[in-house]
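These are my notes from a first reading of the structure shown below.

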Amino acid sequence: MKPPFAEIETRITERMLQKQMAPAVIREYLRRTKLVYDGASGKADWDSIGDLTPDDMVELETLPAVDAAAEQADLAKLVVIKLNGGLGTTMGLTRAKSLMRVKGADNFLQIIRKQIVVLRARRGVTLPVLFMNSFVTREDTLAEPGLAELNRGAPGEIPIDFLQNMAPRIDRTTLLPVGDGADESHWCPPGHGDVFLSLQITGILDRLIANGYRTAFLSNGDNLGATVDERALHYFHRENLEFMSELTPKTAVDLKGGVLFRRRLAGGAHGPIELLETAQVPDDHLQDFQDVRRFAHFNINNLWVNLAALKDRLERGALELALIVNPKKLGEQDILQLETAMGAAIGQFDRTRVLIVPRRRFAPVKDCADLLVRRSDCYVLREDSCSLERNPARIHAEEPVVSLDPAYKKVADFERLVPVAPSLVDCEALSVEGAVLFDAPVTIRGRVKIKALGLDAKISSAKKTVLDNESVEL
């Protein structure tokens with residue numbers, strides 16, 4: 001039984017005041033809780049999901065090159081913002097996910113640092129980078145060598161990070177906060193849609209604007225393909241846009257990726273561009289959502305935002321982004337995390353556009369299968385930008401579809417089982433069943449299945465250096 005909402009409101013307010021959350025943050029979380037209290041599931045009305053129009057979209061590859069003077073002028077007004085609040089708990093991590101080694105000896109943070117340093121040197125600018133940390137990632141991030149001083153010399157003394165807000169986890173049945181708030185497990189980040197409110201209440205948004213910054217490029221910290229593209233930035237300025245989202249073509253590994261749409265309104269009219277995440281799709285329409293004939297592209301969370309327009313919109317009232325209800329377990333207790341996505345903010349602005357970009361701008365690590373692909377020779381770091389991109393030697397249009405046994409789910413087990421990453425540059429699909437130890441170099445070509453028959457299965461037992469369109473039992 002749920003208690004009266006007044007009691008829930010009081011308990012959540014008291015809990016968030018323990019962590020000195022700003023009134024606007026408390027109001028926003030209470031808004032989400034009231035939606036659930038009134039029966040909202042976070043699921044969209046599928047009949048209202050309309051299509052984008054041709055005028056909504058532009059192809060990055062059709063945009064003209066920008067001369068050096070214009071590039072420098074554009075970059076002087078840019079700030080890069082990286083989401084860095086995640087722990088990667090599904091991968092068994094207990095520290096910031098961005099500390100995980102991803103290419104050679106470098107972790108995400110070091111590669112991002114190199115991307116910024118290379119861009120500054122190439123264009124002669126000192127654009128700042130901001131990390132949005134959570135209460136569980138900030139300390140480790142700031143301790144990373146070379147990071148804390150990265151913004152030194154940038155106009156306005158812009159800090160290297162700002163802190164994402166905190167929200168109480170709530171019981172799924174009563175909607176009351178769990179525990180007493182004394183333990184970290186009683187708290188969660190409120191989703192990356194919190195980035196805009198966090199920029200406002202920390203004063204960083206005002207500071208950026210006061211120091212001449214005009215545009216923010218936001219992306220996930222684990223997407224090392226999300227580097228600054230000067231053509232996209234110049235187009236954003238030239239068209240006087242307020243918000244632009246990047247989409248890339250869907251492949252077999254992206255069926256769960258969020259999509260953009262226009263809402264169908266009465267009389268055949270269309271609403272603004274909006275974001276639909278997988279968690280918001282009714283169960284009986286998941287197949288429709290994954291249909292690449294209708295939704296040929298998916299949202300990669302690379303966003304371009306006009307800072308003055310964002311400030312104006314926030315001063316007119318809360319964004320009230322679409323609710324995402326995230327059911328979880330805390331021990332044996334069923335709980336909810338009530339979240340929002342930053343890409344949903346596109347529906348809050350008038351001058352918006354969808355930028356269709358090549359796959360090279362999306363190279364995330366969401367699980368250990370992704371990690372294997374990124375660490376392999378299927379991906380390389382470009383010298384000119386330090387962007388993590390598909391190896392040009394790869395002839396297949398899509399990246400390999402890798403399916404790993406649950407034995408590889410946690411990073412610690414993955415590191416133990418894959419001391420030597422296989423070559424995947426010519427791989428179309430790799431399936432591993434059981435705990436196979438990759439103890440020797442091996443090249444995977446075409447479609448390969450590897451099955452462990454015993455507890456001591458090793459790739460070296462195959463006595464082959466190349467596995468080519470075959471099934472192997474070890």
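I began with helix α2, which lies across β9, β16 and β17 and runs at about 125 degrees to β17. Here contact means heavy atoms within 4.5 Å, and axes are lines fitted to C-alpha atoms, for helices over the stretch in contact, with angles from 0 to 180 degrees between N-to-C directions. Helices (H or I, at least four residues) and strands (E, at least two) are DSSP runs, numbered from the N terminus.

I noted that the model is predicted, that local features need pLDDT of at least 70 and side-chain atom pairs pLDDT 80 or more, while totals for chains, interfaces and linings use all residues. Residues are numbered from 1 along each chain as its sequence is written, and side-chain values use heavy atoms, leaving out hydrogens and water.

Next I looked at the sheet under that helix, where three strands form an open sheet in the order β9-β17-β16 with antiparallel pairing; two strands pair if DSSP finds at least two bridges between them. Because β9 (170–171) and β16 (324–330) stand at the edges with a single partner strand each, one side of each is left without a neighbour in the sheet. Seven bridges join β16 to β17 (residues 333–339), and K329 stands opposite D334 in β17.

I then turned to the helix pair, in which α1 (residues 5–18) and α2 (residues 23–37) pack at an angle of about 145 degrees, with their axes 10 Å apart. Residues making the contact include F5, I8 and I12 of α1, and V25, I26 and Y37 of α2.

The other sheet I looked up is open and has eight strands in the order β2-β18-β12-β15-β11-β3-β6-β7, with mixed pairing. Its edges are β2 (57–59) and β7 (161–163), each with a single partner strand, so one side of each lacks a neighbour in the sheet. The twist averages 25 degrees from one strand to the next. I found β2 paired with β18 (residues 352–356) in the parallel sense over three bridges, with V354 as the bridge partner of M57.

Last, I checked the rings for charges, counting NZ of Lys or CZ of Arg within 6 Å of the ring centre and within 35 degrees of the ring normal. K2 lies over the face of Y37, at 5.5 Å from the ring centre, and the charged end of R374 sits over the ring of Y379, 4.6 Å from its centre.
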